[in-house]
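Dear colleague,

I am handing over the structure we spoke about, and my notes on it follow below. Please read them with the coordinates open beside you.

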Amino acid sequence: MECNYEASQACAVVRDVKETPYSGPLSLPKEDRPRERLIRCGPESLPDEALLSIILVSGVRGKSVTFLARELLERLDREKSIPPVSELCRLGGMGVSKACAVAAMLEFGRRKWAGGRRIRNPSDIYSLVKHHADRRQERLICLSLNGAHELIASRVVTVGLVNRTIVHPREVFADPILDRAAAVAVAHNHPSGSLRPSGEDNEITWKLKMAADILGIAFLDHLIFSETFYFSYRKEGLIKEPVEPKGQSSLWNGWM
């Protein structure tokens, strides 16, 4: 518990630092630097930006590794698959060596841990998306799932404004259709930290549920999440459970 508390405080320190191209991890107290925090508390305690800064190792003249990691993270958030090395090299400060290290890391993670995880409740969704909670703009993430509710892919569909993301059902379902997904779940962060759904959140949830019903894809849930917790439309009874065919066991049991 002490380590988790220290890690959360360190994350707050990082977010409060006014980043410039010339500042970086060395501007932080030693105990708050990404590598030291990883050794002390484990990789799960670090935000995505800090993990990337460790992989990148160093920045370049005029651009710190922290600033480079932030730019890379913004680029990766917009990608639906692992970008080729040639594309990564277009980012200022990303040479072939750094680009290869990033591409190899992403592919290894995809092969080792990306697929097959079963979604049983909203908490399982939250564990897959909560690393997006520290983003300064809203991200809407869509999870494609097979008939056993096992993860096929997790993708950022849209990146919005400071406190609003605009999304259309065709953008959400385009990739799940190609995945031959049997079910989907969506989630988006509220940079303000508030978990209260807005009128727009309610409207898009209704539209996505209607579209899913037409496509024959189960719409499991819509989560609004922050760094500390989440709001689940299904858990709050705002999405009705589908009726299972007679004699078929329900995959929705325990979905609370």
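Before the helix packing is described, one convention is needed: axes are lines fitted to C-alpha atoms, for helices over the stretch in contact, and angles run from 0 to 180 degrees between N-to-C directions. Please also keep in mind that this is a predicted model.

On that basis, helix α2 (residues 34–41) packs with helix α3 (residues 48–56) at an angle of about 110 degrees, the two axes lying 9 Å apart. Because angles of 65 to 115 degrees count as roughly perpendicular, α2 is described as roughly perpendicular to α3. On the α2 side the contact is made by P34, R35 and L38, which meet A50, L51, S53 and I54 of α3; by class, the residues of this contact comprise 5 nonpolar, 1 polar and 1 charged.

Within α2, the buried residues are P34, R37 and C41. Viewed down the axis of α2, these buried residues fall within an arc of 65 degrees, so they line one face of the helix. Just after α2, G42 adopts a positive phi of about 95 degrees.

As for the chain, it holds 9 helices and 5 strands, which run from the N terminus in the order α-α-α-α-α-α-α-β-β-α-β-α-β-β. Of its 256 residues, 42% count as buried, and the chain exposes about 14100 Å², of which carbon and sulfur atoms supply 55%. Among contacts with a separation of 6 or more, 59% are accounted for by residues 24 or more positions apart.

Definitions and conventions:
Residues numbered from 1 in each chain as written. Predicted model: local features only at pLDDT ≥ 70, side-chain atom pairs only at ≥ 80, totals over all residues. Heavy atoms only, no water. Helix = DSSP H or I, 4+ residues; strand = E, 2+ residues; numbered from the N terminus. Parallel < 35°, antiparallel > 145°, perpendicular 65-115°, else oblique. Contact = heavy atoms within 4.5 Å. Nonpolar A, V, L, I, M, F, W, Y, C, P; charged D, E, K, R; others polar. Buried < 20%, exposed > 50% of the residue type's maximum accessible area, 1.4 Å probe, protein only. Arc of directions from axis to C-beta. Areas by Shrake-Rupley, 256 points an atom, 1.4 Å probe, with all protein chains shown as cover.
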